[in-house]
Amino acid sequence: MTDENASLNWFRHAAPYINDLRGRTLVVGIPGDGLEHSNFRNLVHDLALLASLGVRLVVVHGCRAQVNRALQERGIEGRFHGSKRITDRESLEVIKAAVGRLRFDIEAAFSQGLPDSPMARSALKVISGNLVTARPCGVLDGVDLGWTGTVRRMEINTIEQALDQGALVLLSPLGTSLTGELFNINYLDLAAEAARVLRAEKLVLFREPAQLMLDGNPVHELSIVQAEQAANRVQSETLRCAIQACNSGIARVHLLSYCQNGSLIQELFRREGAGTMIYRDSYEVVRRARITDVGGILGLIRPLEKQGVLVRRSREKLEAEIDHFTLVEVDGTPVACAALYPIGDDNGETSAAEIACVASHPDFRGGGRGAKLMRHLERQARAVNIHELYVLTTQTEHWFIEQGFEQVGVSDLPASRKSLYNIQRNSRILRKKLGQDNGS
């Protein structure tokens, strides 16, 4: 496939994700380090692209790197209690100056409009201001945090109106109080709260690494339960924030790298993504297929049919047999499928079944989904008193052996299935005898 065709194919497959996000609110958190990285300009272009596609954008920025540097230049010691900065009067003045500069720099970045740039004719307006009311954190563990605060409320109506008008809302990590004071707010806490009160579709948090690493391996997705378990082993402020957001009702939180060009577009518009997603509800499900899944199943099996791995099925045959199919669905998209066909004996009773049409999307192989699908089919079989499963395969024998199947001969097939065996295809025959379901 040429680069041009690959780009066209990618854009076409992005259409469902674009439709899902249009009109939805996306909260994006960017740390101070990310604002200074050379890739920030590309991120601005990608955010402008999302806005042009009808996504409602709220950007929350941090400033820790800039504040730490400014404090050091002035010879002021930066003090923390856990992840919270202890903000005295002198530090607050430094924070105000840093936030002011960053806010104007960000607004300027979104105001680009050169004819030969990705921002041409974007006309994206940035709305910022006193949209966050804060209250002091007070004394924690005997430590007075000074002018460090937390969100008390947000001007939801004003923000919603700005989003309705197609503007990007920019929230800085400072909040005003009822007494007219300013309080320093952790930008991650601000982003999580903004996502909650605005009922955002997603919260995107940028950080330097592309993905969370557990036991030396990159992690692409974690349920909220898995994330809470991982938090006991991995010290990560963004992971803490993701858990907080999911627990407050946000369905998806995405951790992305601000160093990686295009990571936001890849994460939102490609099934395989580019970072780590923390999800609250069932991101991946195994379920029985419906007639509306025929197109998705055909997309999975056609490449294998062309390679001779699977016997070709017409759409009409697949529609007629759809009740036999089970699929794995990731974020609403079928990524693996298989069929379970009961085999009747001479007496008309059914104690055996054939597993057929096992297929998975290339981008989702190696993640254990095939084994999960197989366990699901075995539970289906046991539920209807099927005690033996058969598979006929030409190229995937070893995978089935790993799932507990053993090779047998044609003579071992049930009589009704033996008569249909295609000698020319010369498929290997494998059988698995089912014991009691152990609940795995």
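This is a predicted model: local features need pLDDT of at least 70, side-chain atom pairs count only at pLDDT 80 or more; totals for chains, interfaces and linings use all residues.
Residues are numbered from 1 along each chain as its sequence is written, and side-chain values rest on heavy atoms, with hydrogens and water left out. Local features need pLDDT of at least 70 and side-chain atom pairs count only at pLDDT 80 or more, while totals for chains, interfaces and linings use all residues.

View 1. Let's start with an open sheet of 8 strands with mixed pairing, in the order β5-β10-β2-β1-β13-β17-β18-β16. Strands (E, at least two residues) and helices (H or I, at least four) are DSSP runs numbered from the N terminus, and two strands pair if DSSP finds at least two bridges between them. At the edges stand β5 (126-127) and β16 (221-223), each pairing on one side only. Strands β13 (residues 202-207) and β17 (residues 252-257) run parallel and are joined by 6 bridges; in β17, valine 253 is the bridge partner of leucine 203. Helix α6 (residues 156-164) packs on this sheet, touching β1 (25-30), β2 (56-61), β5 and β10 (168-171), and its direction makes about 125° with that of β2. Helix α9 also packs on the sheet, where it touches β13, β17 and β18 (276-279), at about 175° to the direction of β13. Contact here means heavy atoms within 4.5 Å; angles run from 0 to 180 degrees between N-to-C directions, with axes fitted to C-alpha atoms, for helices over the stretch in contact.

**View 2. Where α8 meets α9.** Helix α8 (residues 224-231) packs against helix α9 (residues 237-247) at an angle of about 145°, and their axes are 10 Å apart. On the α8 side you will find Ile224, Ala227, Glu228, Ala230 and Ala231, which meet Leu239, Ile243, Cys246 and Asn247 in α9. The contact residues divide into 7 nonpolar, 1 polar and 1 charged. In this count Ala, Val, Leu, Ile, Met, Phe, Trp, Tyr, Cys and Pro are nonpolar, Asp, Glu, Lys and Arg are charged, and the others, Gly among them, are polar.

View 3. β19 pairs with β20 (residues 325-330) in the antiparallel sense over 5 bridges, and valine 285 has glutamate 329 in β20 as its bridge partner.

**View 4. The largest pocket.** A pocket is an open set of points on a 1 Å grid over the protein atoms alone, with protein on both sides within 12 Å along at least five of seven lines, and lining residues have an atom within 4 Å of a point. The largest pocket holds about 1100 Å³ of space. Of its 45 lining residues, Leu310, Ala356, Cys357, Val358 and Leu392 lie nearest the centre. β22 gives the most to this lining, with 7 residues. The lining divides into 24 nonpolar, 12 polar and 9 charged residues.

**View 5. The largest cavity.** A cavity is a set of points on that grid where a 1.4 Å probe fits but cannot get out. Points are joined across faces, edges and corners, and a volume is the space filled by probe spheres set on them. The largest cavity has a volume of about 40 Å³. Its lining includes Asn39, Phe206, Tyr258 and Leu264, and α3 gives the most to it, with 3 residues.
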